[in-house]
Amino acid sequence: NEIYLQGLGGVLPPFSTDPTTLESAAREVLESGPFSYVAGGAGSASTVRANREAFGRWGLVPRMLTGSTERDLTTTVLGREVSAPVLLAPVGVQSIVHPDAEAATARAAADVGLPMILSTASSTGIEDVAAANGAGDRWFQLYRPSDPDVCASLLRRAASAGYTTLVVTLDTWTLAWRPTDLDQAYLPFLKGEGMAVGFSDPVFRGLLEKTPEDDPATAILRWLFMITGTDYDWASLAFLRDHWDGPIVLKGIQHPDDARRAVDAGMDGIVVSNHGGRQVDGAIAALDALPEVVAAVGDRVEVLFDSGVRTGSDVLIALALGARAVLLGRPYVYGLAHAGADGVRHVLRGLLADLDLTLGLSGHRRVRDLGPDAIRRR
Ligand code: FNR
């Protein structure tokens with residue numbers, strides 16, 4: 001209502017409310033390197049496209065005389081009440097799109113009442129983001145350091161800064177072939193972006209001969225090799241279970257057998273995701289992986305979903321296919337690029353308004369009620 005009334009009063013939004021134009025508009029405000037880094041995918045970007053195309057194969061079937069002005073977007077995720085089934089996906093190096101970076105995202109997420117997931121590759125430290133997020137719900141995403149003491153230190157810091165849930169990303173144990181970045185010789189990490197979590201870690205600093213301030217080049221490489229390029233197996237998850245008291249969610253699951261293994265490993269949740277098409281070129285769309293995974297483990301762990309969510313109806317389709325909630329990636333980063341915290345707020349509020357109206361107009365009152373009958377294959 002607020003957004004509509006503002007419009008009727010002649011107040012224009014800070015930038016378009018059309019989620020499909022966010023990317024092209026971001027191209028106008030960002031340098032080519034940062035823009036391509038955010039928008040790009042692995043290889044030929046076939047999986048980036050597949051993620052969007054998959055949503056086009058499903059449609060909502062609106063029901064009549066059952067919608068209501070009294071609607072309820074709330075649900076629970078891992079036992080905690082959330083104001084809507086949407087979380088901010090972990091996105092590293094946000095300083096490349098806006099100087100306020102993750103602190104702005106954290107403020108906006110708290111204002112709108114959505115959980116945010118902070119990346120290990122954040123350009124802002126764990127504690128600083130927690131301060132900006134205040135009473136918001138925050139989760140911490142782990143790129144697992146090869147040194148167990150450094151890993152334990154990150155987990156201790158996240159827990160004591162009030163991060164409730166650990167998200168372990170499995171699909172980026174090494175960085176994919178990304179021609180758009182290679183063509184521009186643009187890798188933000190090599191420029192020292194996204195190092196804040198590592199460089200502020202006392203245990204990591206203790207391993208260095210010179211501080212990151214005195215010898216940034218060496219520290220950058222040490223940190224990059226610390227969080228990528230280590231072989232882990234399923235048994236290695238026990239270490240994380242031992243060092244984290246809260247729920248653990250595995251991000252990057254696409255095969256039902258891996259979902260079953262996550263259950264066997266005692267995990268609390270999974271994110272069906274292909275990292276927004278940034279890791280395996282030619283991988284199936286994340287949405288196409290969702291039904292099989294839900295059928296395999298949906299009654300035993302909470303299944304979250306990301307990769308390709310752009311609109312309210314996308315959220316509803318993912319929920320109808322069995323996801324408990326979705327993670328939003330690039331769209332809020334484009335909002336950040338445009339207008340810092342205000343831009344992130346604008347994108348999130350627009351998505352929630354779209355979700356709310358589409359829910360009601362499809363004949364549903366509560367997101368919790370969505371099931372397979374709400375959709376059909378086109
Ligand atoms: C990501 N993603 C990501 N994931 C993660 O676990 N840790 C990270 O540091 C990052 N960093 C990152 C940077 C950028 C620029 C992008 C676009 C994405 C992946 C992210 O969490 C999520 O899986 C995808 O972005 C979801 O797809 P959409 O919504 O962008 O299509």
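Hi everyone. A quick reminder before we start: this is a predicted model.

Let's begin with the ligand. The ligand sits in the second largest pocket. Which residues come nearest to the ligand? There are 21 residues around it, and Pro90, Ser119, Thr169, Asp306 and Arg310 are the ones that come nearest. If you sort that shell by type, you get 10 polar residues, six nonpolar and five charged.

For Gly308, a backbone N or O atom lies 2.9 Å from an oxygen atom of the ligand, while for Gly92 a backbone N or O atom lies 3.1 Å from a ligand nitrogen. And how much of the ligand does the protein cover? On its own the ligand has 600 Å² of accessible area, and the protein covers 98% of that.

Let me finish with the aromatics. Searching the whole structure gives six aromatic pairs. One of them is Tyr37 with Phe189: the ring centres are 6.2 Å apart and the planes stand at 80°, so this pair is edge-to-face. It links distant parts of the chain, with Tyr37 in helix α3 and Phe189 in the loop between α8 and α9, 152 residues apart.

Conventions:
Residues numbered from 1 in each chain as written. Predicted model: local features only at pLDDT ≥ 70, side-chain atom pairs only at ≥ 80, totals over all residues. Heavy atoms only, no water. Near = heavy atom within 4 Å. Polar contact = N/O pair within 3.5 Å; in protein donor to acceptor, adjacent residues only side chain to side chain. Areas by Shrake-Rupley, 256 points an atom, 1.4 Å probe, with all protein chains shown as cover. 1 Å grid on protein atoms, 1.4 Å probe; cavity = no way out; pocket = protein on both sides within 12 Å on 5 of 7 lines; lining within 4 Å. Sits in = over half its atoms within 2 Å of the grid points. Nonpolar A, V, L, I, M, F, W, Y, C, P; charged D, E, K, R; others polar. Phe/Tyr/Trp six-rings, centres within 6.5 Å; stacked < 30°, edge-to-face > 60°. Helix = DSSP H or I, 4+ residues; strand = E, 2+ residues; numbered from the N terminus.
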